[in-house]
Amino acid sequence: MTEPSRRVAKEPMVRQVLDSLRALPGYLLDIAPVVLTGLAMIVLAPGVVVSLVFFADRFRAAEVAVYLMAIFGVVYIRRDIARVHRRRASAVDTDSRLPALQYFTPSRAALGKEFSASVADAACLHHRDGDPLEEVRRTAEQIAEATPPRHWSGTSRRVRHEVAHVLIAHLGGGTIISAHVVHDENVAIGGSVHSSGDGTGSTGEQTEWAAAKISIAGDVQDNLDGVRDWGSRTDMEQAVGRLTQLLAWGAAPAGHDGPLTFEGLLLTARVEVELALRQHAEAVAAIARRLEDSPTPLTERDLSDLWPKPDSLPLLDTRFPVGQAATSEP
């Protein structure tokens with residue numbers, strides 16, 4: 001290897017070391033509370049001796065307690081320093097070129113109070129640690145301006161989305177095993193609904209059609225609420241698989257009179273789900289309130305008093321003309 005080649009090979013390593021050294025103050029700031037707490041335990045250990053002398057038959061018992069408390073303090077410091085380092089490392093595991101010390105800094109903490117976590121992260125990755133906070137903030141503002149509103153971070157939006165899955169599953173003959181909404185605002189998954197396919201049909205075509213409508217129900221409710229974001233992406237991927245299965249079978253489900261195409265099946269499914277959600281808007285609101293107030297997942301039994309009455313259920317066998325979804329009125 002020539003001398004210039006050696007110099008080029010060493011530059012990334014040198015740069016990484018310098019980046020880590022510049023980030024060291026932020027790293028020390030992260031671990032300072034841990035170290036101070038552990039040192040306090042060690043320093044206060046002698047005080048424990050004085051207290052235990054009055055209650056122990058022998059001084060040896062108090063002495064052992066001191067040793068144990070001091071050891072606990074050291075273990076506490078070591079454990080939490082390792083935890084801080086793992087947190088830093090996991091935050092940058094998608095880019096091994098970034099040193100773990102570079103990520104969680106006072107600038108990142110300040111941005112997290114003004115912007116969403118994803119925007120703050122992206123802004124920090126455009127700068128090196130130690131850059132003026134105002135520069136990083138301007139970058140975050142530019143990214144935020146080009147980012148659509150994150151409706152998914154609103155609890156009420158997540159609740160109504162999950163309730164749509166719940167209601168359509170119930171109306172289709174399924175049983176709600178678990179319905180849950182995550183109350184943390186900054187989440188990737190806003191909630192989950194698990195229902196049994198038993199009771200949704202006596203043939204594979206019927207159960208796949210029912211499952212497809214359950215999958216798209218959250219997105220239909222989002223559209224009714226004027227929400228368009230990525231919250232239904234996984235649901236729609238599931239719906240694509242189920243509708244594709246029907247196409248592979250060449251099976252036209254009950255309620256579909258249009259051409260046996262993916263677009264035709266999707267449109268018919270959305271029409272049926274939208275009509276059901278509109279018809280039972282009061283039930284959607286009532287279930288949403290209960291789901292939002294519940295700290296634990298709900299089941300079919302927990303919602304039994306809120307289900308629509310049997311005589312108010314939509315006509316599931318009604319055939320809807322293709323194109324009705326585009327002209328349906330509130």
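Helices here (H or I, at least four residues) and strands (E, at least two) are DSSP runs, numbered from the N terminus. Axes are lines fitted to C-alpha atoms, for helices over the stretch in contact, and angles run from 0 to 180 degrees between N-to-C directions. Residues are numbered from 1 along each chain as its sequence is written. What you see is a predicted model, in which local features need pLDDT of at least 70, side-chain atom pairs count only at pLDDT 80 or more, and totals for chains, interfaces and linings use all residues, while side-chain values use heavy atoms, with hydrogens and water left out.

Let us begin with the whole protein. It contains 10 helices and 2 strands, and along the sequence they come in the order α-α-α-α-α-α-β-β-α-α-α-α. Of its 330 residues, 36% are buried (under 20% relative accessible area, with exposed meaning over 50% and partly exposed in between, for a 1.4 Å probe and protein chains only). Contact means heavy atoms within 4.5 Å. Among contacts between residues at least 6 apart in sequence, 67% join residues at least 24 apart.

Now for some pairs of helices. Two packed helices are described by the angle between their axes and the distance between the axes. Start with helix 4 (residues 117-125) and helix 5 (residues 133-145), whose axes come within 8 Å and cross at roughly 130°. Helix 4 and helix 5 are therefore oblique to each other; angles under 35 degrees count as roughly parallel, over 145 as roughly antiparallel, 65 to 115 as roughly perpendicular and the rest as oblique. Helix 4 brings Val 119, Ala 122, Ala 123 and Cys 124 to the contact, and helix 5 brings Val 136, Thr 139, Ala 140, Ile 143 and Ala 144. Sorted by class, these are 8 nonpolar residues, 1 polar and no charged. For this sorting, Ala, Val, Leu, Ile, Met, Phe, Trp, Tyr, Cys and Pro count as nonpolar, Asp, Glu, Lys and Arg as charged, and the others, Gly among them, as polar.

Just after helix 6, look for Gly 173, which takes a positive phi of about 100°.

One partner of helix 6 is helix 10: their axes come within 9 Å and cross at roughly 120°, in a right-handed crossing. On the helix 6 side, the contact is made by Thr 155, Ser 156, Val 159, Arg 160, Glu 162, Val 163 and Leu 167, and on the helix 10 side by Val 284, Ile 287, Ala 288, Leu 291 and Glu 292. This contact divides into 7 nonpolar, 2 polar and 3 charged residues.

Moving on, strand 1 (residues 175-181) holds Ser 178, which counts as buried at 18% relative accessibility. Not counting residues up to four places away in sequence, Ser 178 touches Ser 192, Val 193, His 194, Pro 297 and Leu 298.

From helix 7 (residues 204-224), consider Val 220, buried at 2% relative accessibility. Apart from neighbours within four places in sequence, Val 220 is in contact with Arg 270, Val 273, Glu 274 and Leu 277. The C-alpha atoms of Val 220 and His 165, 55 residues apart along the chain, are separated by 9.8 Å.

Helix 8 (residues 233-249) and helix 9 (residues 262-279) have axes that come within 10 Å and cross at roughly 120°. These two helices, helix 8 and helix 9, are therefore oblique. From helix 8, Met 236, Val 240, Leu 243, Leu 246 and Leu 247 meet Phe 262, Leu 265, Leu 266 and Arg 270 of helix 9. By class, this contact has 8 nonpolar, no polar and 1 charged residues.

Technical notes
A crossing is left-handed if the near helix is turned anticlockwise from the far one by less than a right angle, and right-handed if clockwise.
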